[in-house]
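These are my notes from an afternoon with one model, kept in the order in which I looked things up.

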Amino acid sequence: MQKAYLILENGTIFDGYSFGAAGEAVGEIVFTTAMTGYLETLTDPSYYGQIVVQTFPLIGNYGVIPADFESRRPFVRAYIVRDWCQEPSNFRCEGDLDTFLKQNGIVGLYGIDTRALTKIVRESGVMNGKIVSEGSGLSFADLKSYTITDAVKNTTCDKEETFSPDGEVKRKVVLFDLGAKRNICRELVKRGCEVTVVPAYTKLERVKELAPDGIMLSNGPGDPTENTEIIAEIGKLCEEKYPMFGICLGHQLLALSQGAKTEKLKYGHRGANQPATETATGRVYITSQNHGYAVINDSLPEGACASFVNANDGTCEGVNYDYMPAFSVQFHPEACGGPLDTGFLFDRFTDLIDSHK
C-alpha cells in the first residue's frame with residue numbers, strides 16, 4: 001500500500017493510501033451523498049475540475065459497467081473514498097474501479113476519514129485540495145491559486161450527432177451539450193424525439209437550419225456567468241419562442257439570459273437524495289443533483305417564478321416563464337444515478353412542444 005495525503009486549503013492534512021493513477025492532483029473538494037451510482041458520478045461532466053468525495057463508505061462493489069457511463073470519459077480531477085472494493089461482483093461487471101481510474105489517469109485516495117472531511121466542507125464551505133504521494137513534499141503553493149475555468153469548453157462535444165427513435169419521429173429536438181449526461185438524450189428518444197446534439201457554442205443560424213420543434217439545454221460544469229457567449233445565444237433563441245427545457249447549468253444559463261443572477265453555494269447540492277418542493281402543490285420530490293451554483297430567487301424577471309425550491313435551504317430549483325414557452329429545473333429529472341420521481345418533466349416538455357407546433 002502506497003501512502004498518500006490530502007492537503008486542504010485551510011491547512012488540514014488527511015493521510016490515506018493511493019489507488020487508481022499515480023501522481024498528484026489539485027482541485028475543488030466537493031462531496032456527494034449518493035449511496036449508489038458511482039459510475040454515473042465519475043462520468044458526469046459537471047464534476048469537471050473537482051476532487052469528488054463519496055460519503056458512502058464502500059465504493060466499487062459492482063465494478064465498472066460501461067453501459068452506465070454518462071459521458072465519453074471521467075472529468076473529475078481526483079476521487080476520494082473510505083474503502084474501495086477490490087473484488088467486485090455483478091453480472092454486468094466488465095472491470096474494477098482501480099483499473100478504470102488508472103486507465104483514465106484519475107488519481108485516487110482511500111482510507112481517510114471521509115466523514116470528518118465532509119463535515120469540514122459542510123462547515124467551512126467548498127475549498128481547494130491537493131492529493132500528494134508519500135515523499136513528494138507537502139506544498140501549499142498551488143492550492144489557493146487553483147480555479148476552474150473553461151469548464152464548458154472542455155466538456156462539450158466537438159461535432160453534431162443525431163439520435164433517432166426506433167419508431168415514428170414525433171418531434172425534432174436540438175440538445176445543447178453544455179457537458180450533457182447521456183440519459184437526457186435517451187429520455188427524449190424514448191418519447192419519440194429525434195435528438196440532434198450540438199456543441200455548446202452553436203449559433204442561432206445553425207439552429208434555424210436544423211429546424212427543431214424544441215430546444216433542450218443540458219447540465220454542465222463550472223461558473224455559469226463565465227459563459228457569456230452562450231448566454232447571449234440562448235437569449236436569441238428565447239426571442240424566437242422555441243419551446244425550451246433547461247436542466248442544471250442549462251437552467252442557470254436560461255435564467256441569466258433573462259436578466260436573473262446566480263450565486264455560488266457554500267458547499268452545493270450533490271447526491272441522489274436532495275428534496276425539492278414544487279411551489280404550486282407543496283409536494284416534495286426526491287431528486288438527483290450536482291451543482292455548486294444557484295439562481296437567486298429574488299433576481300428572477302417579471303413573468304418568471306420559482307417552480308421548485310430546495311426543501312433544505314430554500315434555493316431555486318426550477319423556473320417557469322409565463323412570457324415564453326420555456327421552463328427549467330436545477331435538479332436532474334433524467335436521474336442517472338438516482339430516483340426517477342421527476343421523469344414526468346420530460347413529458348411536460350414534449351407536451352409543450354406539441355402545443356406549439
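**Aromatic rings**

I began with the rings and found that Tyr17, Phe19, Trp84 and Tyr110 form one aromatic cluster. I took rings of Phe, Tyr and Trp (its six-membered ring) as paired if their centres lie within 6.5 Å, with planes under 30 degrees apart called stacked, over 60 edge-to-face and the rest tilted. I note here that this is a predicted model, in which local features need pLDDT of at least 70 and side-chain atom pairs count only at pLDDT 80 or more, while totals for chains, interfaces and linings use all residues. Residues are numbered from 1 along each chain as its sequence is written, and side-chain values use heavy atoms, with hydrogens and water left out.

The structure holds 14 aromatic pairs. In one of them, the ring centres of Phe19 and Trp84 are 5.1 Å apart and the planes stand at 15°, so I recorded this pair as stacked. Phe19 belongs to strand E2 (residues 13-20) and Trp84 to strand E7 (residues 83-84), so the pair ties together parts that are 65 residues apart in sequence. Helices (H or I, at least four residues) and strands (E, at least two) are DSSP runs, numbered from the N terminus. For burial I used relative accessible area: under 20% is buried, over 50% exposed and in between partly exposed, with a 1.4 Å probe and protein chains only. Phe19, at 2% relative accessibility, counts as buried, and Trp84, at 13%, counts as buried too.

I then looked up Phe308 and Phe331, whose ring centres are 5.1 Å apart with planes at 85°, so this pair is edge-to-face. Phe308 lies in strand E17 (residues 304-310) and Phe331 in the loop between strand E19 (326-329) and H8, so this pair ties together parts that are 23 residues apart in sequence. Both Phe308 and Phe331 are buried.

**The barrel and strand E4**

Next I traced the sheet, where seven strands close into a barrel in the order E1-E2-E8-E6-E4-E3-E9, with mixed pairing. I counted two strands as paired if DSSP finds at least two bridges between them. Helix H3 (residues 114-124) packs on the sheet and touches strand E1 (3-8), E2, E3, E4, E6 and strand E9 (127-133), and its direction makes about 90° with that of E3. Contact means heavy atoms within 4.5 Å; axes are lines fitted to C-alpha atoms, for helices over the stretch in contact, and angles run from 0 to 180 degrees between N-to-C directions.

Which neighbours does E4 pair with in the parallel sense? Strand E3 (residues 25-32) pairs with E4 in this way over five bridges, and Val52 in E4 is the bridge partner of Val30. Three bridges join E4 to strand E6 (residues 78-81), and these two also run parallel; Ile80 in E6 is the bridge partner of Val53, while Ile51 stands opposite Ala78 in E6. In a regular strand the side chains alternate between the two faces of the sheet. For E4 (residues 50-54) I found both faces covered, with Gln50, Val52 and Gln54 buried on one side and Ile51 and Val53 buried on the other.

**Helices**

How do H6 and H7 cross? The axes of helix H6 (residues 228-239) and helix H7 (residues 249-257) come within 8 Å and cross at roughly 75°. They are therefore roughly perpendicular to each other, on a scale where under 35 degrees is roughly parallel, over 145 roughly antiparallel, 65 to 115 roughly perpendicular and the rest oblique. H6 contributes Ile230, Ile231, Ile234, Gly235 and Cys238 to the contact, and H7 contributes Leu253, Leu254, Leu256 and Ser257. Ser257 is buried, with a relative accessible area of 18%.

In helix H4 (residues 182-190), I listed Asn183, Ile184, Cys185, Glu187, Leu188 and Val189 as buried. Just after H4, Gly192 takes a positive phi of about 85°.

**Cys93**

My last entry concerns Cys93, in the loop between E7 and helix H2 (97-103). Cys93 is partly exposed, with a relative accessible area of 27%. Its C-alpha atom is separated by 5.4 Å from that of Ile65, 28 residues apart along the chain. Not counting residues up to four places away in sequence, Cys93 touches Tyr62, Gly63, Val64, Ile65 and Pro88.
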